[in-house]
Amino acid sequence: MRRHLKILEFALSALWRRRFKNLAIVVVYGFTIAVLASILLMTDAMRGEAEQILIGAPDLVVQRVAAGRHDLIPVDYAEEIRGLPGVGEVSPRYWGYYFDAFTESNFTFVGIDDGPPYELELLEGRLPSAPSECAVGEGVARARSTGVGHELTLISHDGLGVIFDVVGEFQASSSILTNDLVVFRNADLVELFGIPEGRAVDLSVEVFNDGEVSTVAAKVKRIFPDTRPITRSEILRTYDAVFSWRSGMLLTVFAAALAAFCILAWDKATGISAEERREIGVLKALGWSTRDVLELKFWEGAAISLTSFLLGLIAALVHIFLLGASLLAPVIQGWSVLFPEFRFTPSITVYQLFVLGFLTVVPYVASTVAPSWKAAVTDPEEVMRG
Amino acid sequence: MTAGHERFIATDGVSKTYNPRRADPVRAVDTVTMHVDRGEVLVLEGPSGSGKTSLLSLIGCMSRPTAGRIVVDGRDVAKLAESELTMERRQRFGFIFQQFHLVADLPVIENVLVPLYPTELSLREMRRRAHAALGRFALDAKASRKVRTLSGGEQQRVAIARALVNDPQVVVADEPTAHLDRRLAEELLAILEDIHRDGRTVVIATHDPRIFDHPIVDRVLEMRDGRIVGERRR
Amino acid sequence: MILHPGVLALLGGSAAALALLVAACVVGLQVLRRWDFSSSSATQLALERRTFLVSSLATVALAIEIASSLLFLYTVDDLHRLFVGAMCATGSLNANPVGWWVLPVKVLILLAAPLWIALNGLDVRAGDFPVIRAKYGALLVLAPLVAADLVLQARYFLGLDPAVITSCCGSLFSAAGSGVSSELAGLPVFPTMTAFYACAAAFMAAMAACRLRPAAVARIATAALALTFLAVTLASMVSFLSLYIYELPTHHCPFDVLQLQYRAIGYPLYASLFAAVVFGLLPALSLVFRGRPSFAAAADRAERHWLEAGLAATIVFVGLASVPVVFGSFTMRGY
């Protein structure tokens, strides 16, 4: 036991002696880890964010589908669905995407009457309560340089300009959903989008027993064959799959970078300097066995891995949670033009660390086994022969 | 102290061939039969290329012979596995190399500690022994200096302290005076005499007459072309 | 195909392990072909140096495999969110039944890999490589096992389709169903509990006896009891240990214990179980090679530590498993 610790000590001092040479490998190794960790942390943070939002989402959403195209749903359907056993509140929802010609970006419009559909945190002001009022997300406010007490001009379905008073602004922390969001009263939204009387975008359905959601969905489908019921867990799974896929996709792309890193690690480990080789020869001559030198190399690799891992991880945490993933965000989110400046809730799990370790340390260790052995079997007699 | 006549190391028809499968194999040691008595000072004398360094590394358990037997303290080491050979080397031998082979960037004390790392000794005990070894050569005050800042003579004494730190039975020195001026060579011989007085066996390979004419030497073996061609006893 | 980071890590890790192990086999065979320990030729010396390469390659490969077993459980448990109807690893495995075949392969590797590493350690320490042929032969058996692991994992993950609706532990490990797992779940609780504690006690007694008075009989008995203990414990896990951990009379799943809501107690449980079994098997394994004196000497030195570690691991396991049985508020009275 003691011997192992002493060899560890020697390994650390040997690394420190060659710190500038080792710095190169730590930088590259750490960078690789930072990239991979950023991808992992970011996709998981986004998934967490989406899950957080969907907690408040309705148990069941009923859309109408006409020839496979999403269509407005008659509000009367709500009455009949409410009649099903186990169903609570059924309410029509009004929402839609709006292309803003001024800023060339998409906004999400949501109509509310009795409180917000999700847990939305207001930065300042209040939710709209009177006609011609609205509350905007931070991204919208910045893009249109407006805010509480100012106005927001939008073009309605018949090409006329409509002016709204901004009475609230959403907090940045509830980012994904609120950034490009504008909230109106239902009546305003119906008028703006020109939704025909008696129609809604979809229906949100409350189901008392979570286990009954799919049964209710099946019944709705049977009564109204032209509808498509979507359960909350389905949405969650889709998010999960999408985020896992995105992160897996990116990791695959970065596999090339990982391979390059392995080659570098191999090269660094193989190309030990004449001085280092002589030093190992001296160790062998002075009574170090091949096993001892292998252990020395193992500790050196472990120390380099751990240092790089911690540095890379810290860099990734800073990048994702302090700098809002500024370097990766454009690649990974990509579904809305208005997606600047995220603020993710910092979180990291043992599983993420485990996966990250497996993705980075395993290739490093695997590519340094043979070179370490090569160094460890240096013939002690070489020292004698000069 | 005169040498006893107990055989400590004995070789029997030992050969060492380098590049045996190439067209021009080099037979550095050619069927040598010799012995080292316990407690004696033995010199292997010969010009460079005569095979004395190769014989020294065979005796010092640093390499295995191509043929023949080597017995160290009753144990045949010619066929030991590398790890066993390492144990022999660690426990019995102290080495002084021609170019010292110190790690220039390490402090003096760390250099002396190197042979003790792969043992089960505690760090405290290791340091105690290293300080004792350094103290013997008046280097204790410079223990934390980097080796590169020391003079040649001091570096030589660090190398000797390192050779003694594991309390070896045999001290093996390869051309220890090759790069030394007269004064340092004298100093080295004085140290070797001191080591010998501890009761340690000393084996030196050299072609320096200052050594093999020195009174501490018990026996000189002359080597030419990998063979022993003469023996002088004092 | 599911491109999940954990899946990539697993497939990449297993591929790396297989590559290293194949390299170890190739070098190992080269070594064996010209191996002659009595020779002191330069060739033999080079071969001896190569044994360190084989050891390093194989040890790293097997260490990766051991870690990957843990990662596999973790990942399969994590994947359940992608499947309709899945609540834990059982559901993910049901989503593509090939997954169930990965488990026995992993169990075999989890037992064989540490045994090989220990055997290799003894061989190196013995000095004259007494069991080099046996251990390189074992590598040739381990390599296909690791290959099977990689292929099965790849087939499992490639064949996963998130659209599949799967059934979870509720339907698989319920006493009312049919099949092996249901039969395990349907084992009567008290007899199984008695068997579990009796087996644990016998296993510990055998290890203690072996520690105090090493003999061939004690070693073989220890190994036999180790395997029995493993089987009985896995059955007990489904039959009654799970019930106490979940505090539900019908929840028999052996995978839910891995989840954070049960304090991930499954990881220390399974880790200590496998450690105990491996340490219990080692004395019998060394018995096979005790004909070589150098090996016997090295084994004697190590055996005490194995048995002490095995006893400690068994105590940890039985302790962890018993806490909810003894102190939990759940009782099986009436079931």
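**Domain packing, chain contacts and salt bridges**

The centres of domain 1 and domain 2 of chain C, taken over C-alpha atoms, are separated by 23 Å. Leu111(C), Leu115(C) and Leu122(C) supply 25% of the area that domain 1 of chain C buries against domain 2 of chain C, more than any other three residues. The model is predicted. In the domain assignment of chain C, domain 1 spans 1-167 and domain 2 spans 169-335. Contact involves 28 residues of domain 1 of chain C and 25 residues of domain 2 of chain C. The area buried between these two domains is about 2300 Å². Carbon and sulfur atoms give 80% of that area.

On the side of domain 1 of chain C that touches domain 2 of chain C, two or more residues each come from α2 (42-79), α3 (89-95) and α4 (98-126) of chain C. The largest share of that side, 12 residues, comes from α4(C).

The interface of chain A and chain B brings 29 residues of chain A into contact with 33 residues of chain B. The area buried between chain A and chain B is about 2800 Å², and carbon and sulfur atoms give 59% of it. Within chain A, Lys6(A), Leu286(A) and Met384(A) lose the most area to chain B. Together they account for 27% of what that side buries. Across this interface the rule finds 15 residue pairs in polar contact, both at pLDDT 80 or more. On the side of chain A that touches chain B, at least two residues each are supplied by α1 (2-17), α9 (274-285), α10 (290-322) and α13 (381-384) of chain A. The largest share, 8 residues, comes from α1(A).

The rule finds 1 salt bridge across the interface of chain A and chain B. Arg90(B) forms a salt bridge with Asp292(A), with the closest N and O atoms 3.0 Å apart. The pair crosses between chains, from helix α2 (residues 82-92) of chain B to helix α10 of chain A. Arg90(B) is buried at a relative accessible area of 11%. Asp292(A) is buried at 2%.

Over all chains, a search of the whole structure finds 54 salt bridges. Arg18(A) forms one of them with Glu279(A), at 3.4 Å between the closest N and O atoms. Arg18(A) lies in the loop between α1 and α2 (19-55) of chain A and Glu279(A) in helix α9 of chain A, so the pair ties together parts 261 residues apart in sequence. Arg18(A) is buried, with a relative accessible area of 18%. Glu279(A) is buried, with a value of 6%.

In chain B, the side chains of Glu6(B) and Arg38(B) meet in a salt bridge (3.1 Å, N to O). This pair links distant parts of the chain, 32 residues apart. Glu6(B) is in the segment before β1 (7-18) of chain B, and Arg38(B) is in the loop between β2 (26-37) and β3 (41-45) of chain B. Glu6(B) counts as partly exposed at 43% relative accessibility. Arg38(B) counts as partly exposed at 28%. In chain A, salt bridges that share partners join Arg17(A), Arg18(A), Lys21(A), Glu276(A), Glu279(A), Lys297(A) and Glu300(A) into one network.

How values were computed:
Residues numbered from 1 in each chain as written. Chains lettered and ligands numbered in written order. Predicted model: local features only at pLDDT ≥ 70, side-chain atom pairs only at ≥ 80, totals over all residues. Heavy atoms only, no water. Domains from an automatic or database assignment. Contact = heavy atoms within 4.5 Å. Buried area = accessible area lost by both parts, 1.4 Å probe. Helix = DSSP H or I, 4+ residues; strand = E, 2+ residues; numbered from the N terminus. Salt bridge = Lys/Arg side-chain N within 4 Å of Asp/Glu carboxyl O. Polar contact = N/O pair within 3.5 Å; in protein donor to acceptor, adjacent residues only side chain to side chain. Buried < 20%, exposed > 50% of the residue type's maximum accessible area, 1.4 Å probe, protein only.
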